[in-house]
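Reader: Could you walk me through this one, feature by feature? I'd like the general idea each time, then the case at hand.

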Amino acid sequence: MPDAPLSGYTSTLPTDVLLDSGVLYIGSTVFGAFAGGLKFDPGVTYRNMDFDGKRSPVKQLDRVTMRMPKISGTVIQLSPDTATLVSGKVNVIEPAATTNATGAWSGSTSYEPKAAGNLLVANDYISNVRAIWQRGSSTASTGAYVQVRFPSALVTKYDMTGSEGAEVAIAIEIEARLDTALSGFTSVGAAPFRIEYLTTI
Amino acid sequence: MSKPRFATQGSIQTPSTASTVQIYSTIRKGLIDYVSSDNQRLAQFVNDRIYVRSQPEPVLFPYITLLLNRTSLSAYNGYRETALLEVQCLGKPESQLPLVETAMDIVDQCLTAYTDARSGLTVGRSRTRNTIPMFSDPADASVVGVIATYEFFIWPRVLTVRTN
């Protein structure tokens, strides 16, 4: 009788598999519609200590020297609503942008990006950016969802690309920032993100 | 006289992907049990007339037929399938077209957001849908219908059980 192929499949795959493109939340509010799914990169850099005569990376000589966690994706909506965090808000994509009638195009609501050279202040950052993916089973006792959460974050890069007959694509990159004022994140070496299993969003 | 069916009522367990017959039955039950966003069920349109491949005779309109085409690729050692589920909803006379279209709206809602991990894993997210044009002689011009094809990926027990 022929053998079945070797496989990594286990009976827990249907529960543990992560599905679909993911949804970006800010706090408890959906940020907006994305196209092409969300991507998370922990951006970790390890250094394996060097010494004379070293021939290969050595166990227990590694340390994390930098983390640059990033969530990226392409959002397809941009809202001027600054009252609440909804629908691809302008002053999230352009951090700390404020409305300013001085110098504005006549009749417009004009958003002025933060002046260069100034440090961002605490309120310029966005809180609890959450990339949430659905697991295979909505009734799993270990949680129906997995989220990558940045307690404090900043959109560090975006661009807008129009194409004929399609939605404008706004590619954004959101980087985590360590907020040492938060419980659980007070150490300078603390990772500025968490991976969390949720039973409800 | 009714055509013989390859699965008789009560002879199979759902939810299950342990056999092709049970995959059909699981999807069929999912359709029958589904309650749409405006609180409608397929039973209001087709009762339980959801058949595999073809309808029994004599048939009451409207009714729905299901037909699965499944492909497994070497990329997953043959354990994962992509499946195309063709769903036909046919009505007669022509005045049943609104019933048929609305019934298929419910099918759309159910099968484009379908996730079932109770036996293996079955996930459906996308589809194509067409309303069939009016037939001309010698076909019956009073028959109306919608044909939709839903794309799934499935880790069926009938294949993955080989790993256990």
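Author: Some ground rules before anything else. This is a predicted model, so local features need pLDDT of at least 70 and side-chain atom pairs count only at pLDDT 80 or more, while totals for chains, interfaces and linings use all residues. Residues are numbered from 1 along each chain as its sequence is written, and chains are lettered from A and ligands numbered from 1 in the order in which they are written.

Reader: What is the mean pLDDT of chain B, and what does chain A average?

Author: pLDDT is the predictor's confidence in each residue, from 0 to 100. Chain A averages 91, with 95% of the residues scoring at least 70. For chain B the mean is 91, and 93% of its residues reach 70 or more. As for the complex, the predictor gives an ipTM of 0.83 and a pTM of 0.88.

Reader: Where does pLDDT stay under 50 in chain A?

Author: Over residues 83-87 of chain A. The model has 10 contacts beyond four places in sequence for them, a contact being two residues whose C-beta atoms, placed from the backbone, lie within 7 Å.

Reader: How many helices and strands are there in chain A?

Author: Helices (H or I, at least four residues) and strands (E, at least two) are DSSP runs, numbered from the N terminus. Chain A has two helices and 12 strands, in the order α-β-β-β-β-β-β-α-β-β-β-β-β-β.

Reader: What radius of gyration does chain A have?

Author: You take it over C-alpha atoms, and the globule rule is 2.2 Å times the number of residues to the power 0.38. Chain A has 21 Å, whereas a compact globule of 201 residues would be near 17 Å. Along the principal axes, its C-alpha atoms fill a box of roughly 80 × 50 × 35 Å.

Reader: Which strands are joined to strand S1 of chain A?

Author: Two strands pair if DSSP finds at least two bridges between them. S1(A) (residues 18-26) runs antiparallel to S9(A) (residues 126-135), with six bridges; Val23(A) has Ile132(A) as its bridge partner there. Two bridges also join S1(A) to the antiparallel S2(A) (residues 29-30), where Ile26(A) partners Thr29(A). S1(A) and S2(A) form a hairpin with two residues between them, and Gly27(A) in the turn has a positive phi of about 65 degrees.

Reader: How many residues does the contact between the chains take from each side?

Author: It takes 12 from chain A and 13 from chain B. Helix H1 (residues 13-16) of chain A gives the largest share of the chain A side, three residues. By class, that side has seven nonpolar, five polar and no charged residues. Here Ala, Val, Leu, Ile, Met, Phe, Trp, Tyr, Cys and Pro count as nonpolar, Asp, Glu, Lys and Arg as charged, and the others, Gly among them, as polar.

Reader: Is Ser36(B) buried, partly exposed or exposed?

Author: A residue is buried if 20 or more other C-beta atoms lie within 10 Å of its own, exposed if 12 or fewer, and partly exposed in between; C-beta atoms are placed from the backbone. Ser36(B) counts as partly exposed because it has 16 C-beta neighbours inside 10 Å. You'll find Ser36(B) in the loop between helix H1 (20-33) and helix H2 (43-46) of chain B. Leaving aside neighbours within four places in sequence, Ser36(B) is in contact with Ile106(B) and Gln109(B).
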